[in-house]
Amino acid sequence: RMSMAKLDLRLFASFGRKIVAVGRNYREHAAELGNVVPTEPILFLKPPSSYIQSGEAIRVPNGCAELHHEVELGLVIGESGARISERAAMDHVGGYALALDMTARDLQSVAKSKGHPWTVAKGYDTFCPVSRFIAKTELPDPHNARLWLEVDGATRQDGTTSDMIFSLPSLVSYISRIMTLERGDVILTGTPAGVGPVQPGQRIRAGLNDVVDVEYAIERAGNDS
């Protein structure tokens, strides 16, 4: 197997082995869904099979009546490590990506009411749209970056990473004490307020500062083969 250190980070979505997502990392978003503000990060995983690139379609799965958009700053791990200190955390981040954490909100609500994991609501194919790789030099201040999202031209989300509850270094450190972070892994750092539903036929456009913007059509998933 080729050494991870040689793999081109620009291709993170083709070789990264995990997507670690953080729930409720913006106070206003916690409030809009009626959740308490967490005292430590809430983590869940999304499968790398959920990645799609800008221009591809997000598919509404059969049995999902309420698909929500969540725009997020993704951290792309460049240097593998475990038990990383907050002080060294950003040295392990190789760059960034704009990401959407698509969520079957109706399925998540059922899971939450039963105390079940969120995997089904978060894990469908096409549920992790990502931008191209963003070099660190393109985003010199990731702690003060604007995240925005429009549906059919109407602004739905417009927030800043400065409103995060848990900082980027604290997230990298916390997660790395549980699981080794490997080159190409992505940490989704939470979404600002304004999440809401999208329907087949609509278009999502989202951006990070003026660095990158992405666009995805919403389609209904096909039937089983």
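Trainee: Which residues does Leu208 touch, leaving out those up to four places away in sequence?

Mentor: Keep in mind that this is a predicted model. Once residues up to four places away in sequence are set aside, the contacts of Leu208 include a run of neighbours, Ala145, Arg146, Leu147 and Trp148.

Trainee: Which residues touch the most other members of the largest nonpolar core?

Mentor: That core has 46 residues, and Leu208 is one of those at the top. The others named with Leu208 are Ile58, Leu100 and Ile204.

Trainee: And which element gives the most residues to this core?

Mentor: Elements giving two or more residues include strand S4 (57-60), strand S15 (203-208) and helix H6 (168-176). With 5 residues, the top giver is H6.

Trainee: How many residues are in the second, separate core?

Mentor: Leu7, Phe12, Val76 and Trp118 are among its members. The count for this second core is 19 residues.

Trainee: Trp118 also has an aromatic partner, so to speak; how many residues apart are Phe44 and Trp118?

Mentor: Their rings form a tilted pair, 5.4 Å centre to centre with 55° between the planes. Phe44 sits in strand S2 (residues 42-46), while Trp118 is in the loop between helix H4 (105-114) and helix H5 (119-122).

Trainee: Is Trp118 buried or exposed?

Mentor: Buried means under 20% relative accessible area. Trp118 has 17%, so Trp118 counts as buried.

Conventions: Residues numbered from 1 in each chain as written. Predicted model: local features only at pLDDT ≥ 70, side-chain atom pairs only at ≥ 80, totals over all residues. Heavy atoms only, no water. Core = buried A, V, L, I, M, F, W, Y, C linked by side-chain atoms within 4.5 Å. Buried < 20%, exposed > 50% of the residue type's maximum accessible area, 1.4 Å probe, protein only. Helix = DSSP H or I, 4+ residues; strand = E, 2+ residues; numbered from the N terminus. Contact = heavy atoms within 4.5 Å. Phe/Tyr/Trp six-rings, centres within 6.5 Å; stacked < 30°, edge-to-face > 60°.
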